[in-house]
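Colleague: I would like to learn how to read a model like this one. Please give me the general idea each time, and then the case at hand.

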Amino acid sequence: MASSLLRYPGDVFADFDDLHRHLDRLLGTRNTNSSIRAVQRGTFPAVNVGATAETVEIFAFAPGIDPSKLDVTIDKGLLTISGERKNRAPEAGAKVNVYARERAEGTFRRVVTLPEDADPDRVSASYRDGVLRIQVQKREASRPRRIEVKDVR
C-alpha cells in the first residue's frame, strides 16, 4: 500500500475544514452565521460574557481597531458589536511574499443576547489595549438586596 494512501482520521477532517474555508472565501459567506447565536471557529472578535450582582459584562477582544469605528447598539435585548478591521500587512507583490494570513480582516458583527434583567438605558463602553469592555447595568428590581429581619418578641 502506498504511503500517500495512509491517512490519519484527523487529516481527513483538516482537509474538509480547509475545503470549507476555501469555499467560504470563494462564495463570500465567510462572516455570515446561520442563526443569531451561531458562532463559527475564527469568529471575530472573540467575546467573553459574564455578570456581577450589578452588571452584565461583555469583553470583546478586538486589537487593531480604531475605537471611533466601533458601533455598539442594543435593541430588543440584543447587544450588537460591529465595525471593520483593515489589513495593515503588506499585500503580496514583487517585493513581498505572503505565506500565511491568519489575522481576521474586513467587516464584522457579533450579537450577544442580554438577560431580561439588563437595563438597556444604562450602558457604558470603553476600549483599552485592544479590549472593548461593555457594562450593562442590571435593573434595580433584579439586584440582590438585604432584607432586615425584625425581632417582634
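Colleague: Is L26 buried or exposed?

Modeller: Buried means under 20% relative accessible area, exposed over 50%, and partly exposed lies in between, with a 1.4 Å probe and protein chains only. L26 has 60% relative accessibility, so the residue counts as exposed. This is a predicted model, in which local features need pLDDT of at least 70 and side-chain atom pairs pLDDT 80 or more, while totals for chains, interfaces and linings use all residues. Residues are numbered from 1 along each chain as its sequence is written, and side-chain values use heavy atoms, without hydrogens and water.

Colleague: Which residues form a nonpolar patch on the surface?

Modeller: A patch takes residues with over 30% relative accessible area and no salt bridge, joining like charges within 9 Å and nonpolar side chains (Val, Leu, Ile, Met, Phe, Trp, Tyr) within 5 Å. A salt bridge is a side-chain nitrogen of Lys or Arg within 4 Å of a carboxyl oxygen of Asp or Glu. Here L19, L23, L26 and L27 form the patch, with about 420 Å² of accessible area together; areas come from the Shrake-Rupley method with a 1.4 Å probe, and for residues only the protein chains shown count as cover. L26 itself lies in helix α1, residues 9-27.

Colleague: How many helices and strands does the protein chain have?

Modeller: Helices (H or I, at least four residues) and strands (E, at least two) are DSSP runs numbered from the N terminus. The chain has one helix and seven strands, in the pattern α-β-β-β-β-β-β-β along the sequence. Of its 153 residues, 20% are buried.

Colleague: In what order do the four strands of the open sheet lie?

Modeller: Strands of a sheet pair through backbone hydrogen bonds, either parallel or antiparallel. Two strands count as paired if DSSP finds at least two bridges between them. The order here is β1-β2-β7-β6, with antiparallel pairing. β1 (46-51) and β6 (118-128) are at the edges with a single partner strand each, so one side of each has no neighbour in the sheet.

Colleague: Which residues stand opposite each other?

Modeller: β1 and β2 (residues 55-61) pair over six bridges, and G50 stands opposite E57 in β2. Seven bridges join β2 to β7 (residues 131-138), where V56 faces V136 as its opposite residue. β6 and β7 are also joined by seven bridges; R128 has V131 in β7 as its bridge partner. The hairpin of β6 and β7 has two residues between the strands, and D129 there takes a positive phi near 50 degrees.

Colleague: Which three strands form an open sheet?

Modeller: β3, β4 and β5 do, in the order β3-β4-β5 and with antiparallel pairing. β3 (71-75) and β5 stand at the edges, each with a single partner strand, so one side of each is left without a neighbour in the sheet. Eight bridges join β4 (residues 78-85) to β5, and G83 stands opposite F108 in β5.

Colleague: How many aromatic pairs does the structure hold?

Modeller: Rings of Phe, Tyr and Trp (its six-membered ring) pair if their centres lie within 6.5 Å; planes under 30 degrees apart are stacked, over 60 edge-to-face, and the rest tilted. The structure holds one pair. The ring centres of F44 and F108 are 5.1 Å apart and the planes are at 85 degrees, so the pair is edge-to-face. F44 lies in the loop between α1 and β1 and F108 in β5 (residues 106-113), 64 residues apart. F44 is buried, with a relative accessible area of 15%, and F108 is buried at 7%.
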